[in-house]
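Here is a briefing on one protein chain. Look at the sequence and the 3D view first, then work through the points below.

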Amino acid sequence: MYKKHLLLIQLIIALTCGGKAIYAGSYSLHVRFPVSKEDSLILFSYQFLGTPYKYAGTSPKGFDCSGFVYYVLTHHQVDVPRTSRDMGTVGRVIPMDSARPGDIILFKGTNANSKVIGHAGLVTWCDGKDVQFIHSSSNKKHGGVIMSCFSDSPSYKKPFVKVVRGL
């Protein structure tokens, strides 16, 4: 119930702000009117903020990173592979500064020695300098579906692999 109210509040704020940036803490909601497929996809994804991390999870009861991206994109009729590794084989590579909502951001997994893609998220915003994304994190302290900003943590820079566009 809380998540539905949060989404409704965000939409009301977006409507009253004429589509300008809306800031909630250090994250922002950007909406253009009419709402594009990409914006619709991102607004849909926000309702899952706080959903717990679940290994191999692909439902609102719990998501792993690729399960979350897969769930959101397939809900919007975007054909995408189920695993983060396979997500790296589709779409076209986009420079980080050209990312836009709905693009998939990909990272190496938790094994620092591996070069294999092991984490995925959805870009929610980019200003040409920084990227904000939503993803399901396995982090024990701050896990589940969360918003992150690429520049907020050096831990995102080293494992970053690429951004792909598949919409």
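Predicted model: local features only at pLDDT ≥ 70, side-chain atom pairs only at ≥ 80, totals over all residues.

The protein chain has 167 residues, and 45% of them count as buried. It contains five helices and 10 strands.

- H2 covers residues 37–46. It lies across strands S7 (117–126), S8 (131–137) and S9.
- The direction of H2 makes an angle of about 115° with S7.
- Helix H3 (residues 65–75) also packs on the sheet. H3 touches S6 (104–108), S7, S8 and S9.
- The angle between H3 and S7 is about 50°.
- An α-helix has 3.6 residues a turn, so residues three or four places apart point the same way.

**The sheet**

- In what order do the six strands sit? The order is S5-S10-S6-S7-S8-S9, and the sheet is open. The pairing is antiparallel.
- Strands S5 (92–94) and S9 (144–149) are the edges, and each of them pairs on one side only.
- From one strand to the next, the twist averages 35°.
- Strands of a sheet pair through backbone hydrogen bonds, either parallel or antiparallel.
- S5 is joined to S10 (residues 160–165) by three bridges, and these two strands run antiparallel. Arg 92 has Arg 165 in S10 as its bridge partner.
- S8 and S9 are also antiparallel, with six bridges between them. Find Phe 133, which stands opposite Ser 148 in S9.
- S8 and S9 make a hairpin, and six residues lie between the two strands.
- Why is S9 described as largely enclosed by the rest of the structure? Five of its six residues are buried, so the rest of the structure largely encloses S9.

**The largest pocket**

- How much space lies in the largest pocket? The volume is about 910 Å³.
- The pocket is lined by 35 residues. Closest to its centre are Lys 108, Thr 110, Gly 118, His 119 and Ser 138.
- Several elements each supply at least two lining residues: H3, H4 (84–87), S6, S7, S8, S9 and H5 (154–157).
- Which element gives the most to the lining? S9 does, with four residues.
- By type, the lining has 11 nonpolar, 18 polar and six charged residues.
- Rolling a probe the size of a water molecule over the atoms shows where empty space is left.

- Cys 65 is in helix H3. Its relative accessibility is 8%, so Cys 65 counts as buried.
- Set aside its neighbours within four places in sequence. Cys 65 is then in contact with Tyr 53, Gly 118, His 119, Ala 120 and Ser 136.
- Cys 65 and Ile 134 are 69 residues apart along the chain, and their C-alpha atoms are separated by 9.5 Å.
- Ser 84 is in helix H4. Buried or exposed? Ser 84 counts as buried, because its relative accessibility is 8%.
- Leaving out neighbours within four places in sequence, Ser 84 is in contact with Ser 66, Leu 106, Ile 117, Gly 118, His 119 and Ala 120.

**Contacts across the chain**

- Take the contacts between residues at least 6 apart in sequence. Of these, 49% join residues at least 24 apart.

**Two positive phi angles**

- Ala 56 has a phi near 65°, which is positive in a residue other than glycine.
- Ala 56 is found in the loop between H2 and strand S3 (58–59). With 46% relative accessibility, Ala 56 counts as partly exposed.
- Gln 77 also has a positive phi and is not glycine: the value is near 55°.
- Gln 77 is found in the loop between H3 and H4. Its relative accessible area is 67%, so Gln 77 is exposed.

Note on methods
Residues numbered from 1 in each chain as written. Heavy atoms only, no water. Pairing = 2+ DSSP bridges. Axes fitted to C-alpha atoms, helices over the stretch in contact; angles between N-to-C directions. Contact = heavy atoms within 4.5 Å. 1 Å grid on protein atoms, 1.4 Å probe; cavity = no way out; pocket = protein on both sides within 12 Å on 5 of 7 lines; lining within 4 Å. Points joined across faces, edges and corners; volume = space filled by probe spheres on them. Nonpolar A, V, L, I, M, F, W, Y, C, P; charged D, E, K, R; others polar. Buried < 20%, exposed > 50% of the residue type's maximum accessible area, 1.4 Å probe, protein only.
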